[in-house]
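Dear colleague,

My notes on what was found in it follow directly after.

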Amino acid sequence: MNQKASSILDCIGNTPLLPLRKIIPRNGSRIFLKIESENPTGSMKDRMALAMIEAAEADGRLKPGGSVVEYTGGSTGVSLSLVCAVKGHPLHIVTSDAFSLEKLDHMRLLGATLQIVPSDSGRMTEKLTRDMIAAAGVVAEKTGAFWTDQMKNQDQLSAYHKMAKEICDQCEGRIDGFVQSVGTAASLRGTGEALRHEKRVQIVAVEPAESAVLSGGPPGAHKIDGIGAGFVVPLWKKDLADQIERVSTEEAIAMSFRLAREEGLFAGTSTGANVIAALRVAEQLGPGATIVTLLCDTGMKYLKSYGSRLSK
């Protein structure tokens with residue numbers, strides 16, 4: 001059925017849920033991917049960006065035409081750039097050369113002003129995250145811009161409650177496990193909490209093996225965009241996750257390539273990490289289980305970095 005939209009923002013959400021057909025568990029259980037690359041910027045972050053901006057507009061924290069500031073590894077920045085462009089809010093993004101050039105270019109094309117914080121050889125580290133947060137705080141204090149502050153902002157949780165409702169409807173209530181990688185922890189928390197209201201679901205968090213701080217390990221450097229801040233993020237709820245799976249950068253990248261070549265699903269490295277973890281969980285839950293995870297964003301955001309690996 002064709003639906004008429006009043007703006008591109010009406011196209012956020014209601015994404016498909018697809019089964020993996022070839023990359024499947026050995027025991028006959030099923031893994032489904034929520035195809036978040038179908039959102040307007042190709043990322044699940046469109047959901048949370050819209051929720052944060054609309055909540056701030058509704059209660060007066062963000063005035064008509066008011067400025068917005070945020071620190072981001074890229075996808076949140078692209079999503080905020082889209083939402084702010086449509087709604088007429090100037091946007092200042094603090095980001096880094098550690099993240100894909102495609103994301104940085106996309107933000108600029110949507111009208112955002114970028115401030116680039118240098119990284120340690122293009123790697124995500126705890127220091128880089130904290131440096132970006134501090135820089136965004138300075139901008140907010142000096143300019144009076146509304147700081148969405150994604151690491152602490154609970155307005156975004158409502159966006160993931162809606163995602164959980166979509167998943168339940170699409171699975172017709174049959175879901176045994178939900179797997180999601182942890183960046184701000186909002187998607188795992190919001191979706192997981194809402195799923196738990198429906199039935200008992202195994203909630204599994206995913207983090208980089210090189211920086212497994214949620215598992216009690218030391219912070220380290222990795223190259224899985226959008227996750228693994230290097231410290232325990234404020235929105236993390238330890239008692240929500242039944243287990244934490246650690247996936248290395250190399251494992252995540254290899255699975256991203258497999259998804260493209262075997263399933264025709266072109267996604268980023270956090271999605272690769274999700275699928276690695278979902279396969280592990282499927283084996284644990286046994287035959288007949290249904291596990292849902294997220295295809296977080298499109299691989300089009302990583303063409304340059306992927307291309308450099310293919311050329312080696």
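Two strands are said to pair if DSSP finds at least two bridges between them. Please bear in mind throughout that this is a predicted model.

By that criterion, β2 and strand β10 (residues 290–295) are a pair: they run in the parallel sense and are joined by 6 bridges. Within this pairing, Arg30 has Thr290 of β10 as its bridge partner. Helix α5 packs on the sheet, where it touches β1, β2, β7 (177–181) and β10. The direction of α5 makes about 135° with that of β2.

The sheet in question is open and consists of 6 strands in the order β1-β2-β10-β7-β8-β9, with mixed pairing. Since β1 (17–19) and β9 stand at its edges, each has a single partner strand, so one side of each is left without a neighbour in the sheet. From one strand to the next, the twist averages 30°.

At the β9 end, strand β8 (residues 202–208) pairs with β9 in the parallel sense over 5 bridges. Val206 has Glu245 of β9 as its bridge partner. In a regular strand, side chains alternate between the two faces of the sheet. Strand β9 (residues 243–247) has Gln243, Glu245 and Val247 on a covered face, and Ile244 and Arg246 on an uncovered one.

There is also an open sheet of 4 strands, in the order β5-β4-β3-β6, and its pairing is parallel. Its edge strands are β5 (113–117) and β6 (146–147), each of which pairs on one side only. Strand β3 (residues 68–71) is joined to β6 by 2 bridges, and the two strands run parallel. Val68 has Phe146 of β6 as its bridge partner.

Turning to the helices, how do α7 and α8 pack? Helix α7 (residues 249–263) and helix α8 (residues 269–285) meet at an angle of about 90°, and their axes are 7 Å apart. An angle of 65 to 115 degrees counts as roughly perpendicular, and α7 and α8 are therefore described in that way. On the α7 side, the contact is made by Glu251, Ala252, Ile253, Met255, Ser256 and Leu259. On the α8 side, it is made by Thr269, Thr271, Gly272, Ala273, Val275, Ile276, Leu279 and Arg280. The residues of this contact divide into 8 nonpolar, 4 polar and 2 charged.

The salt bridges may be of particular interest to you. The count comes to 22 salt bridges. In one of them, the side chains of Arg47 and Glu36 meet at 2.6 Å, N to O. This pair links distant parts of the chain, with Arg47 in helix α1 (residues 45–59) and Glu36 in the loop between β2 (30–35) and α1, 11 residues apart. Arg47 and Glu36 are both buried.

Another salt bridge is formed by Arg61 and Asp155, whose closest N and O atoms are 2.7 Å apart. Here Arg61 lies in the loop between α1 and β3, and Asp155 in the loop between β6 and α5 (157–171), 94 residues apart. Arg61 counts as partly exposed because its relative accessibility is 40%, and Asp155, with a relative accessible area of 25%, is likewise partly exposed.

Asp120 and Arg123 also form a salt bridge, with 2.8 Å between the closest N and O atoms. Asp120 is partly exposed at 38% relative accessibility, and Arg123 is partly exposed with a relative accessible area of 33%.

Finally, two individual residues are described. Met132 lies in helix α4 (residues 126–143) and counts as buried because its relative accessibility is 3%. The C-alpha atoms of Met132 and Val94 are separated by 6.1 Å, although the two residues are 38 apart along the chain. Leaving aside its neighbours within four places in sequence, Met132 is in contact with Tyr71, Thr72, Val94, Thr95, Ser96, Phe99 and Val117.

With kind regards

Methods
Residues are numbered from 1 along each chain as its sequence is written. This is a predicted model: local features need pLDDT of at least 70, side-chain atom pairs count only at pLDDT 80 or more; totals for chains, interfaces and linings use all residues. Side-chain values use heavy atoms; hydrogens and water are left out. Axes are lines fitted to C-alpha atoms, for helices over the stretch in contact, and angles run from 0 to 180 degrees between N-to-C directions. Angles under 35 degrees count as roughly parallel, over 145 as roughly antiparallel, 65 to 115 as roughly perpendicular and the rest as oblique. Contact means heavy atoms within 4.5 Å. Ala, Val, Leu, Ile, Met, Phe, Trp, Tyr, Cys and Pro count as nonpolar, Asp, Glu, Lys and Arg as charged, and the others, Gly among them, as polar. Buried means under 20% relative accessible area, exposed over 50%, partly exposed in between (1.4 Å probe, protein chains only). A salt bridge is a side-chain nitrogen of Lys or Arg within 4 Å of a carboxyl oxygen of Asp or Glu.
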